[in-house]
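Here is a short briefing on one protein chain. Look at the structure first, then read the points below.

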Amino acid sequence: MFDRKKSRMQGQEGHCSYLVGSRSKGSSDVSYEFTKLSQAVEANIQKISENVLQMNRVIDEINRSDGDLEQRDKLHKLQHFTNQLAKDTSSLLKGLTDLPPSLSKSEQVRVEIPVLE
């Protein structure tokens with residue numbers, strides 16, 4: 001998903017310096033992607049919470065009546081939809097963790113690598 005950016009610097013005493021950072025998109029692209037994914041996660045979590053409340057109401061209805069087949073079917077559909085939503089949300093969260101960090105020059109790490117001759 002992202003490329004490593006390395007720029008070789010003049011080293012001293014048999015070492016090469018590399019600035020290591022991860023960039024494939026500009027900071028604004030990563031920021032946009034982060035916003036888009038985090039808003040989708042937020043919406044999904046809200047919908048999951050609403051579905052749990054609705055499932056509890058349906059369960060109460062089933063317990064009060066003799067377990068109407070229509071209500072059991074409604075509960076099953078809600079459970080299935082909510083499970084799928086939870087899986088989708090998990091994938092979105094993975095997408096958030098896979099985003100490259102937005103590194104400025106001051107945040108890049110300088111790594112000293114000995115030069116073998």
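Asn-51 counts as buried because its relative accessibility is 2%; buried means under 20% relative accessible area, exposed over 50%, and partly exposed in between (1.4 Å probe, protein chains only). This is a predicted model, in which local features need pLDDT of at least 70 and side-chain atom pairs count only at pLDDT 80 or more, while totals for chains, interfaces and linings use all residues. Residues are numbered from 1 along each chain as its sequence is written, and side-chain values use heavy atoms, with hydrogens and water left out.

**Overall layout**

- The chain has two helices and three strands. Helices (H or I, at least four residues) and strands (E, at least two) are DSSP runs, numbered from the N terminus.
- Along the sequence, the pattern reads β-β-α-α-β.
- There are 117 residues in the chain, and 23% of them are buried.
- The accessible surface of the chain is about 8,800 Å². Carbon and sulfur atoms hold 52% of that surface. The areas come from the Shrake-Rupley method with a 1.4 Å probe; for residues, only the protein chains shown count as cover.
- Take the contacts in the chain with a separation of 6 or more: 66% of them join residues 24 or more positions apart. Contact means heavy atoms within 4.5 Å.

**Confidence**

- The average pLDDT of the chain is 75, and 62% of the residues score at least 70. pLDDT is the predictor's confidence in each residue, from 0 to 100.
- Confidence is lowest in strand S1 (residues 4-9), at a mean of 34. It is highest in H2, at 94.
- Over residues 1-24 the pLDDT is below 50. This stretch still has 62 contacts in the model beyond near neighbours in sequence.

**Helix H1 and its asparagines**

- Asn-51 sits in helix H1 (residues 27-64). Beyond its neighbours within four places in sequence, Asn-51 is in contact with Leu-78, Phe-81, Thr-82 and Leu-85.
- Asn-44 also lies in helix H1. It counts as buried because its relative accessibility is 15%.
- Not counting residues up to four places away in sequence, Asn-44 touches Leu-85, Asp-88, Thr-89 and Leu-92.

**Helix H2**

- H2 has 30 residues and reaches 44 Å from its first C-alpha to its last. That is close to the 44 Å expected at 1.5 Å a residue. The expected span is 1.5 Å times one less than the number of residues.
- At the start of H2, a side-chain oxygen of Asp-68 comes to within 2.6 Å of the backbone nitrogen of Glu-70.
- Buried residues in H2 include Gln-71, Thr-82 and Leu-96.
- Phe-81 belongs to helix H2. It counts as partly exposed because its relative accessibility is 41%.
- Setting aside neighbours within four places in sequence, Phe-81 is in contact with Lys-47 and Asn-51. Phe-81 and Asn-51 are 30 residues apart in sequence, yet 8.8 Å apart in space, C-alpha to C-alpha.
- Asn-83 is found in helix H2 (residues 69-98). At 48% relative accessibility, Asn-83 is partly exposed.

**Nonpolar core**

- Which residues make up the largest nonpolar core? The five are Met-55, Val-58, Ile-62, Leu-75 and Leu-78.
- H1 and H2 each supply at least two residues of this core. H1 gives the most, with three.
- A nonpolar core is a set of buried Ala, Val, Leu, Ile, Met, Phe, Trp, Tyr and Cys residues joined through side-chain atoms within 4.5 Å.
- In soluble globular proteins, nonpolar side chains tend to be buried together.

Definitions and conventions. A polar contact is a pair of N or O atoms within 3.5 Å; within protein, one must be able to donate a hydrogen and the other to accept it, and residues adjacent in sequence count only if both atoms are side-chain atoms.
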